[in-house]
Structure formats: C-alpha cells, structure tokens
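Please keep the model open beside you and work through each task before reading its solution.

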Amino acid sequence: MKLSSYQALLERLNPHHPQYADIHSQFRKYQSGLFGEDSLDYYFRVSGLHGKTLNKRFTTKTS
C-alpha cells in the first residue's frame with residue numbers, strides 16, 4: 001500500500017516541487033527494499049528453507 005501511495009503522489013506532484021527529490025528518493029528506497037525481500041524469499045523457497053527458523057531471531061515467511 002505504501003508503494004502505491006508514493007506512486008500516486010509522484011504522479012501528481014510537480015517535478016520542480018521542493019520536496020519532489022526527497023519523496024522520489026524515499027520511493028526508490030522502499031521499492032528497492034521490497035524487491036530485495038522478494039528476491040530473498042525466492043532463494044529461501046528454492047533452497048527448501050522457506051518457513052523454517054534459522055535462528056532465534058529470524059524465521060522465513062511461510063506464505
């Protein structure tokens with residue numbers, strides 16, 4: 001939901017707005033983070049570690 005909010009805001013905001021660069025930067029960071037989580041999840045599924053507890057503080061997603 002946050003990603004779509006950033007996209008909608010950036011589509012409506014004038015590129016010359018004083019905060020445009022900051023908002024665009026936050027959007028790219030959030031987008032990159034989601035891509036990284038999806039990539040990591042893929043490798044967990046392929047390796048058979050998906051849904052397993054790797055240590056006390058880290059458990060992979062099960063859905």
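Helices (H or I, at least four residues) and strands (E, at least two) are DSSP runs, numbered from the N terminus. The model is predicted, so local features need pLDDT of at least 70 and side-chain atom pairs count only at pLDDT 80 or more, while totals for chains, interfaces and linings use all residues. Residues are numbered from 1 along each chain as its sequence is written, and side-chain values use heavy atoms, with hydrogens and water left out.

**Exercise 1. Find how many helices and strands the chain has, and in which pattern they follow.**

Step 1. The secondary structure comes to 2 helices and 2 strands.

**Exercise 2. Describe how H1 and H2 pack.**

Step 1. Two packed helices are described by the angle between their axes and by the distance between those axes. Axes are lines fitted to C-alpha atoms, for helices over the stretch in contact, and angles run from 0 to 180 degrees between N-to-C directions.
Step 2. For H1 (residues 2-12) and H2 (residues 20-47), the angle is about 150 degrees and the axes are 10 Å apart.
Step 3. Angles under 35 degrees count as roughly parallel, over 145 as roughly antiparallel, 65 to 115 as roughly perpendicular and the rest as oblique. H1 and H2 are therefore roughly antiparallel.
Step 4. Now look at who touches whom, where contact means heavy atoms within 4.5 Å. H1 contributes Lys2, Leu3, Tyr6, Gln7, Leu9 and Leu10, and among the H2 residues in the contact are Ile23, Phe27, Tyr30 and Leu34.

**Exercise 3. Work out which aromatic rings pair, and how.**

Step 1. Rings of Phe, Tyr and Trp (its six-membered ring) pair if their centres lie within 6.5 Å; planes under 30 degrees apart count as stacked, over 60 as edge-to-face and the rest as tilted.
Step 2. Searching the whole structure gives 2 aromatic pairs.
Step 3. Tyr6 and Phe27 have ring centres 6.3 Å apart and planes at 65 degrees, so this pair is edge-to-face. Tyr6 lies in H1 and Phe27 in H2, so the pair ties together parts 21 residues apart in sequence.
Step 4. Tyr6 and Tyr30 are tilted, at 6.4 Å centre to centre with 55 degrees between the planes. Tyr30 lies in H2, so its pair with Tyr6 of H1 joins parts 24 residues apart in sequence.
Step 5. Put together, ring pairs link Tyr6, Phe27 and Tyr30 into a cluster.

**Exercise 4. Decide whether Tyr6 and Tyr30 are buried or partly exposed.**

Step 1. Buried means under 20% relative accessible area, exposed over 50%, partly exposed in between (1.4 Å probe, protein chains only).
Step 2. Tyr6 has 17%, so Tyr6 is buried.
Step 3. Tyr30 has 29%, so Tyr30 is partly exposed.
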